[in-house]
Amino acid sequence: MPDRLVGATLVVASSTAFGAMAIFGVRAQNAGTDTMALIFVRFALAAVVLVVALRVSGRRLPPLQRWWPVALMGGVGYVGQSTCFFLGLQYAQAGLIALLLYLFPAFVTVLAVVFLRERPGIVTFAALAMSLIGTALVVGGGSGRPLGIALGVGAAIVYSVYIVVGSVVTGGLDALFVSTVVCCSAAVVTGVVVVVLAAVGRPQSFPVDVSGWGSLGVIAVLCTAFAILTFFAGLSRLGATATSVLATVEPVVTIVLAAAFLDERLGAVQLLGGALVIGAVIWLAVGQRHPVAEVEAPPI
């Protein structure tokens with residue numbers, strides 16, 4: 001099988017796994033799992049898998065001074081994004097939250113102009129306008145409380161900061177190492193939060209049945225560890241641009257699975273808006289080099 005075909009298969013598999021996470025997240029929450037408990041189990045189990053993969057690979061580790069910025073990315077950025085994402089699922093459709101997350105190319109561009117002194121061209125601005133129009137249609141035609149919509153947009157903003165910071169602090173670092181440190185630090189931070197919440201009288205609830213624990217296991221192993229590893233394996237074969245284009249499969253998968261398993265239905269206006277958002281991401285990816293295509297971590 002040609003190497004690029006293998007790479008495309010890996011990226012689509014990764015995006016499919018990420019896209020399924022919202023559905024399993026809703027199922028875990030319906031089984032009595034609180035948000036921070038869900039995020040803690042997700043990162044703790046994923047960290048175990050990635051640590052084993054890192055050890056088996058025999059990679060040389062970078063100096064310790066390169067570790068702490070990556071750890072902050074995981075403990076602050078990844079935890080913040082995941083918290084907004086999973087909380088948002090309690091107040092809005094899974095498909096709506098998945099599409100709102102894809103506002104991140106617009107936010108990345110703004111941050112890159114302000115902090116990285118990048119000069120986007122006409123293609124970038126046209127695609128961003130297309131993305132914002134699409135998002136307005138998605139929100140206007142979707143089913144969700146204002147808090148859910150705000151959390152979905154918040155997830156996109158936090159992820160955008162994560163990308164811009166990551167483009168600076170992860171330069172020259174091995175992708176598997178970055179993913180492992182990010183998940184380990186996220187597991188530590190969320191574990192501390194769970195303990196603190198319990199200490200102040202707000203203990204987090206974990207699943208009450210096997211189905212709920214199964215959903216958490218799928219989120220950690222399939223939708224996090226597997227998705228990250230296949231993402232980077234595909235990235236190494238395809239390059240950033242083709243990978244970022246194929247990654248737009250993710251919200252499509254979420255919408256299809258939400259319709260099939262959560263009985264969510266999107267109206268014609270929402271579908272048009274989603275098509276505009278995804279089209280804008282593809283246009284940004286193929287139109288010119290752009291920070292969204294250079295990210296050293298997958299979307300969720």
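This is a predicted model: local features need pLDDT of at least 70, side-chain atom pairs count only at pLDDT 80 or more; totals for chains, interfaces and linings use all residues.
Helix α2 covers residues 35-57, 23 residues in total. From its first C-alpha to its last, α2 reaches 33 Å, close to the 33 Å expected at 1.5 Å a residue. After α2 comes G58, which has a positive phi, near 70 degrees.

Buried positions in α2 include T35, M36, A37, L38, I39, V41, R42 and F43. A46, A47, L50 and L54 are also buried. In an α-helix there are 3.6 residues a turn, so residues three or four places apart point the same way. The helices packed against the buried residues of α2 are listed below.

| Helix | Residues | Packs against |
|---|---|---|
| α1 | 3-30 | buried residues of α2 |
| α3 | 67-88 | buried residues of α2 |
| α8 | 175-199 | buried residues of α2 |
| α9 | 210-238 | buried residues of α2 |

The largest nonpolar core of the model contains 73 residues. F43, F85, F86, L89, F104, C183 and I228 have the most contacts inside this core. Helix α8 supplies the largest share of the core, 11 residues. F43, a buried residue of α2, touches Y78, S82, C183, A186 and A187, not counting residues up to four places away in sequence. Of these partners, C183 is also listed with F43 among the core residues with the most contacts.

N30 belongs to helix α1. Its relative accessibility is 63%, so N30 counts as exposed, the cut-off being over 50%. N30 and G212 lie 182 residues apart in sequence, yet their C-alpha atoms are 7.9 Å apart in space.

Conventions:
Residues are numbered from 1 along each chain as its sequence is written. Side-chain values use heavy atoms; hydrogens and water are left out. Helices (H or I, at least four residues) and strands (E, at least two) are DSSP runs, numbered from the N terminus. The expected span of a helix is 1.5 Å times one less than its number of residues. Buried means under 20% relative accessible area, exposed over 50%, partly exposed in between (1.4 Å probe, protein chains only). Contact means heavy atoms within 4.5 Å. A nonpolar core is a set of buried Ala, Val, Leu, Ile, Met, Phe, Trp, Tyr and Cys residues joined through side-chain atoms within 4.5 Å.
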